[in-house]
Amino acid sequence: MRHTIDIAVPDLSGIRAVVTGGSDGIGLVLSRRLAAAGAEVVLPVRSQSKGKAAIDAIRQAHPSADVSLRRLDLSSLDSVSALADTLSSEGRPIGILVNNAGVMTPPSRRTTSDGFELQFGTNHLGHVALVSRLLPLLRAGRARVVSQISIAANSGSINWDDLNWERSYDGMRAYSQSKIAFGLFGLELGRLSAQRGWGISSHLSHPGIAPTGLLAARPELDRTSQTTSRRVIEALSRRGLLVGTTETAALPALYAATAVDVTSGSFHGPAGLGHLGGRPGPQKLYSRLRDRAEARRVWELSTELAGVGFQD
């Protein structure tokens, strides 16, 4: 019998939480847990049908949950801007932002509507633009911003000579790049918030390994069936071996978003063997994320590419 792994979540009444990728997998678990703790949870989703199914599932578990949908396609900077306009018009400060959505290893190179390699544009630049455009609401809510990276950020590098992988596409290396860049951005966000008095704390998390939809069949990405890796992970997860479940994989981000004892710049992930599964715990910062000059370079280039700025 699998040992139950869980964490306590404090009362979040009165806090507005925004979770990208909240319609399934880890994001749905995060949204459900935040709503159960009393937060008002906003789910910006691309698929309204999946979003409605997610809301139904959350309300089935917690009938009084305050949860609602907004439209967002992170692969479109125009869509990010439209969401920010919508949330700004509503005027509610944001106390928690979990940048969780992502896409992983399309078999062939694909691009966003703005012409960026899909993983770099979605996992990284889309979230950079979102944080920038929501900055006034995040400051008003003294928000905790959690950026979901991956153990893939512990390998590979940023392909500075070909950020969009136009010359030689490698899906896994491009995925690693997107998560390294996003991790460096999250760390720089925390440093600049402290320097400029934004009042935002910034945290990194990673889910370890779990049978989520990232490696499942995705016809829109030319992946017509689930990958062999996904089948192996699913089998290990069912047996409680080495890797986590969708429920446990959500815990590091949930802890980073809600625990009272974390400080800006923290990095949380599973504490089990190889950091693939287990209870959430602090992680040693990956070597690819330790260079502050590299983080600054990522920040400056990413804000330029996304067409956004961060005003004091």
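Helices (H or I, at least four residues) and strands (E, at least two) are DSSP runs, numbered from the N terminus. The model is a predicted one, in which local features need pLDDT of at least 70 and side-chain atom pairs count only at pLDDT 80 or more, while totals for chains, interfaces and linings use all residues. Residues are numbered from 1 along each chain as its sequence is written, and side-chain values use heavy atoms, with hydrogens and water left out.

**View 1. The whole protein chain.** The protein chain contains 10 helices and 8 strands. Of its 312 residues, 56% count as buried, a word that stands for under 20% relative accessible area, whereas exposed stands for over 50% and partly exposed for values in between (1.4 Å probe, protein chains only).

View 2. Arginine 71 belongs to strand E3, which covers residues 66-71, and is exposed, with a relative accessible area of 59%. If neighbours within four places in sequence are left aside, arginine 71 is in contact (heavy atoms within 4.5 Å) with Val45, Gln48 and Leu83. Serine 47 lies 24 residues from arginine 71 in sequence, and their C-alpha atoms are 8.1 Å apart in space.

**View 3. The lining of the largest cavity.** A cavity is a set of points, on a 1 Å grid over the protein atoms alone, where a 1.4 Å probe fits but cannot get out, and lining residues have an atom within 4 Å of a point. The lining of the largest cavity consists of Phe120, Ile158, Trp160, Leu163, Ala181, Val298, Leu301 and Ser302. Helix H10 (residues 292-306) gives the most to this lining, with 3 residues.

Notes
1 Å grid on protein atoms, 1.4 Å probe; cavity = no way out; pocket = protein on both sides within 12 Å on 5 of 7 lines; lining within 4 Å.
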